[in-house]
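Dear colleague,

Please find the structure below, handed over for your reference.

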Protein chains: 2
Amino acid sequence: MGILTVERKLLEKNDIVAQELRGLFTSSGMFVLNMVSSPGSGKTSLVEATIKALQRRVRIGVIEGDVQTDLDARRIDALNVPVVQIVTHGACHLEAPLVRDAYRQLADAKLDILIIENVGNLVCPAAYDLGESLKVVVASTTEGDDKPLKYPAMFRHARVLIINKVDLIPYVQCSLETLRANALAINPSLVIFETSCTTSQGITAWCDWIVSEAASHATVG
Amino acid sequence: MGILTVERKLLEKNDIVAQELRGLFTSSGMFVLNMVSSPGSGKTSLVEATIKALQRRVRIGVIEGDVQTDLDARRIDALNVPVVQIVTHGACHLEAPLVRDAYRQLADAKLDILIIENVGNLVCPAAYDLGESLKVVVASTTEGDDKPLKYPAMFRHARVLIINKVDLIPYVQCSLETLRANALAINPSLVIFETSCTTSQGITAWCDWIVSEAASHATVG
């Protein structure tokens with residue numbers, strides 16, 4: 001009982017800060033994506049491709065979350081957009097207070113779109129609200145088509161599923177049809193994109209969707 | 001402070017049961033592998049290939065750990081070896097008490113080798129001893145070559161690294177040389193195998209190594 005109480009208090013504290021962040025993000029008209037996935041699904045490559053496609057149309061910035069190293073932040077910094085690296089030093093997910101601290105360093109940038117790249121972990125980040133507008137779960141074709149069934153919480157909490165590395169379909173055991181059906185069985189309202197950062201397939205459709213959603217979000221906000 | 005205390009107590013309780021399990025495993029002369037990786041690295045396919053290669057030479061059984069579903073246990077059951085599925089219902093790693101409960105169902109099988117397939121998660125399972133003889137971390141070439149640097153705890157705790165899906169090297173951005181160097185920078189004593197369950201590359205070397213280690217383990221035990 002003691003353990004459950006502490007876990008509940010941790011989540012409650014996270015949720016209070018997440019609501020504060022959501023208010024901050026909404027009042028500044030910023031559209032915030034919390035990108036989650038397994039390690040190695042290609043999240044950082046997708047963020048790079050998204051920045052390249054959008055940085056002339058909107059002000060975009062990134063918060064990178066990693067267990068260790070600032071390798072990902074350096075990749076983003078090379079594209080000349082504002083970026084802050086959070087190193088969790090072993091922790092398996094980002095929490096709202098860490099994101100609040102990181103966001104303070106970005107507040108002057110007056111961003112239209114903020115991408116939070118979470119720690120690579122298909123389990124734990126599902127439980128932590130970061131005040132985002134929506135969660136985007138990235139699943140690589142190389143992970144197979146059964147992951148929505150085996151890790152349902154992440155797919156249930158996401159608004160968008162990006163099926164990445166579709167260029168590898170000929171070489172891996174993954175049916176796009178089965179993957180889509182499994183994901184929609186868990187969450188029927190998922191918006192699904194199919195992308196490849198190697199061939200650029202699907203990147204334009206994904207980026208146009210972000211811009212359109214960000215515009216309606218700003219209007220509603 | 002209260003939270004840290006609870007976490008320490010959880011780990012202490014796990015370690016006490018893990019030591020009990022280690023005693024049980026050692027006294028029965030059983031060699032126990034705790035297989036850890038990201039979701040979709042091909043752990044279950046590797047376990048299937050390992051069983052097919054070894055089941056005529058040794059008595060082998062499996063404990064499957066998953067957040068949800070018994071899909072993996074059904075795959076193993078089709079090979080006619082003893083298997084028990086642990087469903088964690090959301091928890092991100094296996095703990096020793098769960099493994100103890102599962103092992104009770106396997107104790108009559110008089111196994112030589114037990115494979116514990118952990119939840120797909122490259123962060124949390126690193127901290128939980130399950131009484132295993134050694135941890136095997138599986139990294140797929142599709143995850144890129146930087147994962148040992150970004151998720152160091154798992155590579156530090158492992159005795160063996162299996163670089164899986166080497167047949168996909170021509171199609172992905174991953175240098176085997178860099179991946180090996182990054183892994184050995186974190187843990188210089190890692191034993192490394194390169195495998196593909198599609199072409200069967202490396203499976204014989206890996207399985208011969210298990211049999212050899214299991215034999216010396218039984219002698220020492």
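Which backbone oxygen does the side chain of B:Gln85 reach at 3.5 Å? The side chain of B:Gln85 reaches the backbone oxygen of B:Glu64.

Please note that this is a predicted model, in which local features need pLDDT of at least 70 and side-chain atom pairs count only at pLDDT 80 or more, while totals for chains, interfaces and linings use all residues. Residues are numbered from 1 along each chain as its sequence is written, chains are lettered from A and ligands numbered from 1 in the order in which they are written, and side-chain values use heavy atoms, with hydrogens and water left out.

B:Gln85 lies in strand 3 (residues 83-87) of chain B; strands are DSSP runs (E, at least two residues), helices likewise (H or I, at least four), numbered from the N terminus. Its side chain also joins that of B:Asp66 in a polar contact of 3.1 Å. A polar contact is a pair of N or O atoms within 3.5 Å; within protein, one must be able to donate a hydrogen and the other to accept it, and residues adjacent in sequence count only if both atoms are side-chain atoms.

Four salt bridges (a side-chain nitrogen of Lys or Arg within 4 Å of a carboxyl oxygen of Asp or Glu) are found between chain B and chain A. Helix 1 (2-27), helix 3 (71-77) and helix 5 (147-150) of chain B are the elements that each give two or more residues to the side touching chain A.

In total, 33 residues of chain B are in contact (heavy atoms within 4.5 Å) with 33 residues of chain A. The buried area (accessible area, 1.4 Å probe, that two parts lose on being put together, summed over both) is about 2,600 Å², of which carbon and sulfur atoms give 66%. In chain B, the residues losing the most area to chain A are B:Pro39, B:Lys150 and B:Tyr171, together 22% of what that side buries.

Yours sincerely
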